[in-house]
Amino acid sequence: MAKRVTTPKTRNSGTMTESAFWSFIRSGLRQKSRWWKPITECKAKAKRPYKGPLKRQKFEYQCNQCKNWFPDKKINVDHIVPAGTLTCAQDLPGFVERLFCEVDNLQVLCTGCHDVKTQAEKNESKSNKAVQRMRRSKKL
Ligand SMILES: [Zn+2]
């Protein structure tokens, strides 16, 4: 019989893997951050009454990147310095500090500009990891 490699369930009375546990903690913290006042403050700063043809739209928000105006559904409040990863206890202090930041680290971005930024951050962390791997293997 072939031996299956299973991830050990080290958390929550043997019901959660490490990665399931940290994803549970992440989503709890993110939920709390939804009603964080600086996020409301950031949106309020970028907001103006909408004067266009759509009857149901009352306000619009300016994207801090492309400077165009968008409805509520098409914007995100972005962390200028991203909260980053939370996959172990060591990540926790920095993650919490960055996630629960004040308004000076927040900006309104339209979904288009936000996607571009998120993608760039992913690529950057990938290339950082590649550099770290190279450093390790070459012992630079
Ligand atoms: Zn934009």
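These legends accompany close-up views of a predicted model.

Residue numbers start from 1 along each chain as its sequence is written, and side-chain values use heavy atoms, without hydrogens and water. Local features need pLDDT of at least 70 and side-chain atom pairs pLDDT 80 or more, while totals for chains, interfaces and linings use all residues.

**View A. Four cysteines hold the zinc ion.** The SG atoms of Cys-63, Cys-66, Cys-110 and Cys-113 lie 2.3 Å from the metal. Donors here are N, O and S atoms within 2.8 Å of the metal (3.2 Å for Na, K and Ca); water is not among the atoms, so sites may look incomplete. Angles among the four donor atoms run from 100 to 118 degrees, making the site tetrahedral (four donors, all angles between 85 and 135 degrees). For comparison, the ideal angle for four tetrahedral donors is 109.5 degrees.

**View B. The zinc donors follow the spacing C-x2-C-x43-C-x2-C.** Cys-63, in the loop between β2 (59–62) and β3 (69–70), is linked with Cys-113 in helix α4 (residues 111–138), 50 residues apart. Helices (H or I, at least four residues) and strands (E, at least two) are DSSP runs, numbered from the N terminus. Cys-63 is buried, with a relative accessible area of 0%, and Cys-113 is buried too, at 15%; buried means under 20% (1.4 Å probe, protein chains only).

**View C. Three strands form an open sheet in the order β1-β2-β3.** Their pairing is antiparallel, and β1 (47–49) and β3 are the edge strands, each pairing on one side only. Strands pair if DSSP finds at least two bridges between them; β2 and β3 are joined by two bridges. Look for Tyr-61 opposite Phe-70 in β3.

How values were computed:
Four donors count as tetrahedral if all angles lie between 85 and 135 degrees; four count as square planar and six as octahedral if opposite donors are over 155 degrees apart and all others between 65 and 115; anything else is irregular. Buried means under 20% relative accessible area, exposed over 50%, partly exposed in between (1.4 Å probe, protein chains only).
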